[in-house]
Amino acid sequence: MTAANRYDAIVIGGGHNGLVNAAYLARAGKRVVVLEKRHVLGGAAVTEEIFAGFKYSVCSYVVSLLRPEIIRDLDLPRHGLEILPLESTFTPLPDNDYLVRWADHDQTRRELYRHSPRDADAYDDFGKLMYQLAVAVRPILSMIPPDPTSMSPKDLIGFAKLAGHFRGLGEEQFHALFKLMTMSSADYLDEWFETEALKATMSASGIIGTFLGPRSPGTAYVLLHHYMGEIDGAMRAWGFARGGTGEVSESIARAARSFGAEIRMEAGVEQVIVKNGTAVGVALENGDELRAPVVVSALDPKRTFLQLVEDKDLPDDFVSAIKRFKIRGSSGKVNLALGELPNFTSLPGEGPHLRGAMSISPSVDYLERAYDDAKYGAFSKRPYMDIILPSMIDPGMAPPGKHVMSIFVQYAPSDLEGGWDETKREAFGDAVIDTLAQHAPNLPGAILHRQVLTPWDIDRDMGLTDGNIFHGELTLHQLFSMRPVAGWADFTTPVRNYFQCGSGTHPGGGITGASGRLAALKILGEQP
Amino acid sequence: MTVNRYDAIVIGAGHNGLVTAAYLGRAGRKVLVLERREVVGGAAVTEQVFPGFKFDTAAHRIGGLHPSVIKDLALERHGLELRRADPSVFAPAKDGPPLVVWRDPQRTVESLRAISPADAKAWIPFSELIGKAATVVQSAWSSTPPSMTGNDPRDLWAVLKLGAGLRRLGKKDMIEVVRILSMSMSELLGEWFESDVVKGTLAASGVAGMMQGPMAAGTVYNFLHHHVGAADGALRPTVRVRGGVGELTKALAAAAAEAGAEIRTNQPVARVTVKAGRAIGVVLSSGEEFVSNRIVSNADPRSTFFDLVGPAELEPELVRKVKNIRFKGVSAKVHLALGELPRFDGVPEGGPHLNGVISIGPSLEYLERAYDDAKYGAPSRHPYLEVSIPSVSDPDLAGPGKHVMSVVVQYVPYRLAEGEWGAAARERLGDAVLSTLSEYAPGIESAVLHRQVLTPLDLEETFGLPEGNSYHGEHTLDQLIFMRPVPGQARYRTSIDGLYLCGAGTHPGGGVTGYPGYNAAREIVGDGKG
């Protein structure tokens with residue numbers, strides 16, 4: 001064992017959380033190495049030139065709620081991070097109508113007024129309430145969850161403080177928050193609005209990454225995310241990263257390196273080395289061994305606990321709990337290189353609507369039917385899509401005059417009836433293009449190249465178990481103190497010196513960096 | 001003029017209203033109960049729909065009846081005889097042996113071995129978990145919901161008590177109960193069982209009365225709701241009343257009368273009289289007036305606030321909240337007078353298998369697809385059916401050799417995407433139910449002497465169940481406890497001084513349990529005569 005392979009901390013996985021974790025540890029003076037299996041960094045936050053000249057944000061395509069404190073602490077703008085705002089969401093409708101929501105509240109109000117004056121007024125009130133609730137909830141994103149299984153004063157105080165925080169909200173906000181946490185997005189929005197396309201587009205955000213439909217209880221709280229992004233607006237935490245989401249990861253990597261962290265690519269980890277219940281290092285796939293008194297996994301809980309360590313090194317009930325942890329993948333991705341812009345029948349030509357998000361979500365029933373397909377093991381014949389044209393926002397993503405289109409699709413269930421293979425992948429891709437062609441007939445003819453990713457591909461290529469983009473479903477019983485397992489939601493694991501820092505921990509999901517940072521603070525013994 | 005003056009007026013003689021009336025009477029109050037129909041009982045009634053055939057026309061079995069209610073009101077002395085059916089459930093499978101849930105869990109385990117040895121092994125441990133979780137739920141039922149944001153020490157105490165109930169379970173069980181509370185039945189059952197018929201049969205109890213499928217979060221809570229008071233940790237117990245469910249409400253009426261309450265039927269209340277924000281009496285449809293400082297409504301919250309009080313007397317915020325109460329009627333009833341006992345496939349000749357309910361819902365997928373149909377506004381093509389033939393163990397309900405069959409049909413939406421609930425739709429529903437039944441009990445159609453179909457609209461009009469929802473408000477997590485019927489008014493009192501709610505639309509919700517009525521009475525007595 002050479003000194004070169006001894007570190008203060010080893011981080012397994014160069015996804016954005018792993019990189020954030022390494023950066024914070026390095027910033028605190030630790031000698032850190034990040035071990036990434038692939039040839040490119042970022043995990044699911046990665047930009048790749050799959051087709052010459054065209055840069056695809058292969059998996060994740062927007063930055064959501066990247067923590068302002070991380071942007072600040074790691075000085076990410078200096079390392080190249082530039083987040084460009086997504087100024088609108090365009091929903092094409094049948095009968096050549098459309099609905100657009102703009103970042104500018106007044107513009108949205110005017111557009112809504114055209115569909116329903118009542119909704120235009122309600123939108124203002126809704127926004128105000130959501131903003132207040134987002135402010136109330138935001139501190140939770142930066143908390144290390146207290147342990148419900150421990151009776152230690154620290155944890156009890158943690159819960160008491162949390163309870164106090166919520167009770168201090170006042171009746172109206174407390175009840176609104178309770179409703180948000182328990183209701184379906186469809187039911188919640190029914191109380192406020194009547195325009196079907198508005199309700200559908202808003203509730204669509206509640207189903208992303210879940211195995212739920214807009215009428216499923218538990219989908220309403222994601223409505224808050226959009227407004228939390230608004231609060232973070234000063235730090236531009238919500239939008240599209242120049243250079244694609246890979247640039248988010250790269251900027252974090254640069255920051256980490258600037259603090260002295262080492263990052264190795266094509267260095268897949270085979271196993272964590274455990275001696276007497278303590279992690280002492282890792283063994284790489286190529287046989288090399290590295291040693292460190294701290295080993296951190298940025299991988300999802302299934303890989304972290306069921307692949308990297310042996311069952312005998314974990315308590316039986318912990319293994320059962322991890323096996324039970326729900327991580328079904330439900331989404332796919334289609335990335336296109338286009339020779340021309342899509343021309344939407346509902347709003348023809350090149351316009352500002354092409355610089356924002358395009359949502360195929362004409363009605364709640366449309367989304368619900370897409371979900372029904374998945375419930376019974378099929379991909380949606382008429383899927384929900386969240387689309388952006390990165391090249392409209394950042395011309396560097398494609399050659400002049402040409403474009404890249406990033407299409408996030410639901411649903412594509414990981415447990416597809418009969419299993420996924422190449423043929424089914426292509427059939428899925430065809431369903432996506434066919435559906436989109438209903439709204440923009442010129443699309444099929446404009447495709448120069450197409451990349452289709454199903455949960456099967458995302459699992460095999462990106463290392464996300466079952467292709468679940470959040471490292472585990474964000475249902476109530478898998479959140480906060482229960483994420484991934486009650487008693488182990490504080491970034492530690494039953495193996496001494498082995499930590500977890502990926503999205504399978506609180507707060508879970510999205511390109512936030514929160515898990516990576518909180519885990520680092522835990523390791524360093526600091527308060528968040 | 002003091003002629004029509006009472007200490008309390010209870011609007012509606014449903015089982016909860018009768019419980020409240022009885023306890024108020026026992027507390028020395030002069031109580032008047034005004035019932036719209038010609039019979040007392042609300043949705044817990046037994047009616048001779050056809051000569052010689054007595055049907056439980058709405059609820060056809062009871063839930064976890066409040067033990068204090070049975071004891072304090074001496075219901076047994078007043079004629080109540082509860083009966084636990086054995087087996088409690090007979091559930092045909094799509095392929096393979098049926099699931100039979102016996103009163104003796106060991107017997108169930110034995111019979112499960114033919115379906116799935118793994119499920120046989122899991123049955124008792126699962127029932128133990130449910131028993132513990134249901135006990136935690138029950139501990140919340142007897143309390144008035146605390147205000148979650150106020151500073152009243154009694155509220156903090158109530159919250160702590162709830163926590164204590166949980167902590168008594170021990171660390172491991174406590175975490176497990178909290179973990180499962182918000183789950184879907186599909187997820188929970190997926191962790192425990194493998195066979196379709198076991199999962200479908202148990203899940204059905206979780207979706208009962210809800211416009212959700214078994215994949216919806218919150219269905220485990222509803223499942224636990226239906227298991228509160230289940231003796232010996234039984235799963236899907238079937239508890240009936242000898243003579244029909246109406247005998248329970250008759251016994252409650254007798255107890256209330258014995259406590260001095262006056263019960264008048266055929267007395268529909270048109271309005272609650274409100275003066276300067278206080279309830280001071282009621283006016284009947286006939287115009288007759290009664291005066292009291294304590295008006296207690298057993299009607300659902302929406303009818304109470306909008307019809308009896310009227311939006312003009314309510315703050316706009318309350319109007320909005322009441323408008324947002326979701327009812328989502330999901331079931332219908334079919335009553336069949338039968339000339340002979342139907343033969344269900346898989347039931348041995350002369351076997352007791354039809355003593356309990358027959359549950360037609362052979363898999364999770366069956367239930368989820370049935371829900372899908374209704375989700376888009378059409379009655380299920382293959383509905384979930386809970387069938388009860390009480391005459392098997394209670395022959396007085398029908399003539400010799402004859403039988404009465406009561407079917408709860410789910411998922412039948414109140415709001416149809418096409419058409420309305422008129423005569424044609426009613427008949428089509430009845431035909432569809434008979435057709436489904438024939439798949440499991442061939443030849444049943446020829447045994448039918450008479451048939452009555454109650455659509456969600458019929459249920460609403462007959463029993464005052466809004467949108468046909470049995471619970472006076474959906475049992476979703478956001479409409480329970482301190483949110484029921486609306487956030488801020490979840491403690492039996494309303495913002496109208498002197499006006500109370502005591503029905504299923506209050507905590508802890510629906511089912512024939514008597515808890516809402518019991519809790520409401522406690523609060524009303526505590527508030528004094530006013």
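Is Asp497(B) buried, exposed or partly exposed? Select Asp497(B): this residue is partly exposed, with a relative accessible area of 45%. On this scale buried means under 20% relative accessible area and exposed over 50%, with partly exposed in between (1.4 Å probe, protein chains only).

This is a predicted model, in which local features need pLDDT of at least 70, side-chain atom pairs count only at pLDDT 80 or more, and totals for chains, interfaces and linings use all residues. Residues are numbered from 1 along each chain as its sequence is written, chains are lettered from A and ligands numbered from 1 in the order in which they are written, and side-chain values use heavy atoms, leaving out hydrogens and water.

**Salt bridges within a chain**

The term covers a side-chain nitrogen of Lys or Arg within 4 Å of a carboxyl oxygen of Asp or Glu. Arg278(B) lies in strand β11 (residues 278-284), while Asp497(B) lies in the loop between α16 (456-463) and β19 (499-501), 219 residues apart. Helices (H or I, at least four residues) and strands (E, at least two) are DSSP runs, numbered from the N terminus. Arg278(B) is partly exposed, at 32% relative accessible area.

Next, select Arg77(B) and Glu258(B), a salt bridge with its closest N and O atoms 3.0 Å apart. This pair also links distant parts of the chain: Arg77(B) is in the loop between α2 (67-72) and β5 (82-84), and Glu258(B) is in helix α10 (residues 246-258), 181 residues apart. Arg77(B) is exposed, with a relative accessible area of 57%.

In chain A, pick Glu289(A) and Arg291(A), whose side chains form a salt bridge at 2.9 Å, N to O. Glu289(A) is partly exposed, at 33%. Over all chains the structure holds 68 salt bridges.

**Between the chains**

Now show both chains. Here 38 residues of chain B are in contact (heavy atoms within 4.5 Å) with 30 residues of chain A. The size of an interface is often given as the accessible area lost when the parts come together. Between chain B and chain A the buried area is about 3,300 Å², of which carbon and sulfur atoms give 57%; buried area is the accessible area (1.4 Å probe) that two parts lose on being put together, summed over both.

The count of salt bridges between the two chains is 9. For one of them, select Asp187(A) and Arg326(B), at 3.1 Å, N to O. On the side of chain B that touches chain A, α5 (153-167), α6 (171-181), α7 (185-192) and α13 (364-375) each supply at least two residues. Colour α6(B), which gives the most, with 7 residues. The residues of this side of chain B divide into 15 nonpolar, 8 polar and 15 charged; Ala, Val, Leu, Ile, Met, Phe, Trp, Tyr, Cys and Pro count as nonpolar, Asp, Glu, Lys and Arg as charged, and the others, Gly among them, as polar.

**Helix α17(B)**

Finally, select residues 515-526 of chain B, helix α17. Of its 12 residues, 9 are buried, among them Tyr515(B), Tyr518(B) and Ile524(B). The buried residues of α17(B) pack against α1 (15-26), α2, α4 (117-141), β13 (295-297) and β19 of chain B. Just after the helix, Gly528(B) takes a positive phi of about 75°.

How values were computed: The expected span of a helix is 1.5 Å times one less than its number of residues.
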